[in-house]
Amino acid sequence: MDSDKRNNREQEIPIITPLSSEEEQLVVEALLRGSHSEEAVRKEWDGFERRIAGKNDRRGLLLKVASAAVLVVSAAMLWFMQADNSGQNVVYEASNATAEVKHTYSEREDKHISGRANEQKTHTVEWKIVDVPAGKDYRLTLPDGSEVWINAESRLSYPTQFDENIREVELVGEAYFKVVADKSHPFIVRSEGTSTKALGTEFNVEARQGGRQRITLVSGKVEVSCSQAGKTAHLSPSEAAMIEGGKMDVAQVNADDIVCWRDGIELYDDATLSEILIRIGCWYNLTVVCRDDEALSHRLHFVYDRTQDVRKVVRSLSQISKTKIILEKNTIFVE
C-alpha cells in the first residue's frame, strides 16, 4: 500500500507565459475563423497549424493560445437569457459523486492455463479500482512500472500483482498509458468490448460508456481488437482506431492534439459542439442542456486551458461557435 502512495501523484499543470505580439496575432486569427466560409476556415486552420509547427515548443504555444482566448472574447457582445426549462435536451448531466479520487479493492477468481499439461488453475487475485471524479486527473504507476494518466470521470481497474502470462487492466473513460516493454508479458487494456494489446509503447484510450471509442498511438505499436466490429487493426504512430456503431476505422491523426489534456489543455480540431460541451461538462462537473439540437452538430476548432474559469471558457465557445451559450448556476444552456 505504501508503494501506491509513493507512486500516485496528481498531474502538474505547466505555467502559462505571456504571448508575444506575433503569437497574439496567431490567436486572433485562429479564434475568429468562425466568421469565414468552411473552405476558408480549413485553409486558415491549416496555416495556423503550420506556423505552430515551426515553433520549438508547440505545446507551450498551445498553452499560450488557451490563455489568450479571453482577449478575443472581451471584445465580443455577451448574450444573456432567462432560464426556460421547456423543450430541453440534456446533453450531459453533472455527477453527484465525491470530488476526491477514490481507491477501492475487490477480489476476483482468475482462471489461466499453465504447465505442459495445459492445466487450468484458479486463484484469487486482488484488484484495485481507481475512480477519478470530474475536475481532476490522476497519475499512477502500475505494479510492472508502467505509468498511467487517468482523465476526469474515468475508472481504471488493475490487479495489485499481474498474472504470470499477461498484464491486463480495465478502463472506463480516458487514460494515457506509458507501458514498460516486456515481450513475454503483453499489456492489454480492456474497454467497452475492445482490447488494446501492446508490448512497450505509449498510447491513449478514450472509451466512455455508450459512446465512441478512440485509441490513439503515440509511439511503438498496438493491436486493437473490437468484438462488436469483428475486426483487428495494427496501429502505427499518429494513427487512431475509431470505434462507433459496431464499426472500426483507422485514420491518421495529430497525436499531440489528442493527448495534450495531460498538460491541462483541451484542443479540438473539427469536433462537434456536442463533443466539446460534453468534455467541458465532464471537467467542470456541469449539466449541459440544449434547446437547439441542430447547433450540436456544428463542427468547430476550439482550444482552452482547463485551469481557466469556466465562465471564460463558455463565453469563448459562445463567440467562436456563433451560438448562444451561457452558464447559469451549475448548468450550461445552449440556445
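**Salt bridges and nonpolar cores in a predicted model**

Colleague: Does Arg155 count as buried or exposed, or as something in between?
Modeller: In this predicted model, the relative accessibility of Arg155 is 41%. Buried would require a value under 20% and exposed a value over 50%, so Arg155 counts as partly exposed.

Colleague: Which residue pairs with Arg155 in a salt bridge, and which strand holds that partner?
Modeller: The closest N and O atoms of Arg155 and Asp131 are 2.6 Å apart, which meets the limit of 4 Å for a salt bridge. Arg155 belongs to strand β6 (residues 154–159), and the pair ties together parts that are 24 residues apart in sequence. The partner is therefore Asp131, held in strand β3 (residues 119–132).

Colleague: How many residues apart in the chain are Glu170 and Arg108?
Modeller: The side chains of Glu170 and Arg108 meet in a salt bridge, with an N to O distance of 2.9 Å. Glu170 is in strand β7 (residues 167–178) and Arg108 in strand β2 (residues 102–114), so that distant parts of the chain are linked by a pair whose separation is 62 residues.

Colleague: Where does the partner of Arg212 lie?
Modeller: Arg212 forms a salt bridge with Glu275, at 3.7 Å from N to O. Arg212 itself is in the loop between β10 (202–207) and β11 (213–219), and the pair ties together parts that are 63 residues apart in sequence, with Glu275 lying in helix α6 (residues 273–284).

Colleague: Which element gives the largest share of the largest nonpolar core?
Modeller: The largest nonpolar core has 32 residues, and those touching the most other members include Leu140, Leu142, Val169 and Phe177. The largest share of this core amounts to four residues, and the element they come from is β7.

Colleague: How many residues are in the other core, which lies apart from the largest one?
Modeller: Phe187, one of the residues that touch the most other members of the largest core, has contacts that include Leu142, Phe162, Val169, Phe177 and Phe203. Apart from that core lies another, which has Leu286, Val288, Leu300 and Val310 among its members, and its count of residues is 28.

Definitions and conventions:
Residues are numbered from 1 along each chain as its sequence is written. This is a predicted model: local features need pLDDT of at least 70, side-chain atom pairs count only at pLDDT 80 or more; totals for chains, interfaces and linings use all residues. Side-chain values use heavy atoms; hydrogens and water are left out. Helices (H or I, at least four residues) and strands (E, at least two) are DSSP runs, numbered from the N terminus. Buried means under 20% relative accessible area, exposed over 50%, partly exposed in between (1.4 Å probe, protein chains only). A nonpolar core is a set of buried Ala, Val, Leu, Ile, Met, Phe, Trp, Tyr and Cys residues joined through side-chain atoms within 4.5 Å. Contact means heavy atoms within 4.5 Å. Lists of a residue's contacts leave out its neighbours within four places in sequence.
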